[in-house]
Amino acid sequence: MACLIYIEAGVRLTETGYQNRLKQNNNLYNIWMIMKGVRIKYLASLFFQASQAVVNVWIFLQLKDFIDNILGKPEKINYIILIVMSIIVLTSSQALFSFLSKYLSILVSEKIVRRLRNILFSHIQRLSMGEHDNLKTGD
């Protein structure tokens, strides 16, 4: 008689459901299987992290342009205002991308850890009493 483990809302697996699908020596496949249901959030997190890196580089390119071409030339005051505003907008977008990346990463990691805990608990529950009795722990 298979006991049911509830992992996430609406996902029902038998206690051996993941063990049957996980492969012994294929770690990437196993991680991919455990990430079921959170893969899109993980990919979105990677996208936001890459966007943050691109915006960070863009900020430094704007600063380079400002220092090399504009600084010390008072006749280009309109261009100075444009550069300053673009740096403010880019810094704000970098902060937003950083927040979204970290937020989604935390969500994904918590769900994966919960799944791993459920798999471990299920495995320990399936062990026989003799297995627990013969297991040397501590000393």
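Student: Which residues form a nonpolar patch on the surface, and how much accessible area do they have together?
Tutor: The model is predicted, so local features need pLDDT of at least 70 and side-chain atom pairs count only at pLDDT 80 or more, while totals for chains, interfaces and linings use all residues. Residues are numbered from 1 along each chain as its sequence is written, and side-chain values use heavy atoms, with hydrogens and water left out. A patch is made of residues with over 30% relative accessible area and no salt bridge, where like charges are joined within 9 Å and nonpolar side chains (Val, Leu, Ile, Met, Phe, Trp, Tyr) within 5 Å, and accessible areas come from the Shrake-Rupley method with a 1.4 Å probe, only the protein chains shown counting as cover for residues. Here the nonpolar patch consists of Ile77, Ile81, Val84, Met85 and Ile88, and together their accessible area is about 450 Å².

Student: Is Ile88 buried, partly exposed or exposed?
Tutor: Buried means under 20% relative accessible area, exposed means over 50%, and partly exposed lies in between (1.4 Å probe, protein chains only). Ile88 has its place in helix α4. Its relative accessible area is 45%, and therefore Ile88 is partly exposed.

Student: How far apart are the end C-alpha atoms of α3, and what should the helix span?
Tutor: The expected span of a helix is 1.5 Å times one less than its number of residues. With its 32 residues, α3 should therefore span 46 Å, and this agrees with the separation of its end C-alpha atoms, which is 45 Å.

Student: Which residues of α3 are buried, and what does their cover include?
Tutor: The buried residues of α3 are Ser45, Phe48, Ser51, Val55, Ile59, Gln62, Phe66 and Ile70. To see what lies over them we use contact, which means heavy atoms within 4.5 Å. What covers these buried residues includes α4.

Student: Which residues does Gln62 touch, not counting residues up to four places away in sequence?
Tutor: Gln62 has its place in helix α3, and at 17% relative accessibility it counts as buried. Leaving out residues up to four places away in sequence, Gln62 touches Ile83, Ser86, Ile87 and Leu90.

Student: Which residue forms a salt bridge with Asp68, and how far apart are the closest N and O atoms?
Tutor: Side chains of opposite charge can pair when their charged atoms come close. A salt bridge is a side-chain nitrogen of Lys or Arg within 4 Å of a carboxyl oxygen of Asp or Glu, and the structure holds one. The partner of Asp68 is Lys64, and the closest N and O atoms are 3.4 Å apart.

Student: How is the aromatic pair of Phe48 and Phe97 arranged, and why does it tie together parts that are 49 residues apart in sequence?
Tutor: Rings of Phe, Tyr and Trp (its six-membered ring) pair if their centres lie within 6.5 Å, and planes under 30 degrees apart count as stacked, over 60 as edge-to-face and the rest as tilted. The structure holds three aromatic pairs, and the pair of Phe48 and Phe97 is stacked, with 5.9 Å centre to centre and 25° between the planes. Because Phe48 lies in helix α3 (residues 39–70) and Phe97 in helix α4 (residues 77–126), the pair ties together parts that are 49 residues apart in sequence.

Student: What separates the C-alpha atoms of Gln49 and Phe97?
Tutor: Gln49 lies in helix α3, and at 42% relative accessibility it counts as partly exposed. Although Gln49 and Phe97 are 48 residues apart along the chain, the separation of their C-alpha atoms is 6.6 Å.

Conventions:
Helix = DSSP H or I, 4+ residues; strand = E, 2+ residues; numbered from the N terminus.
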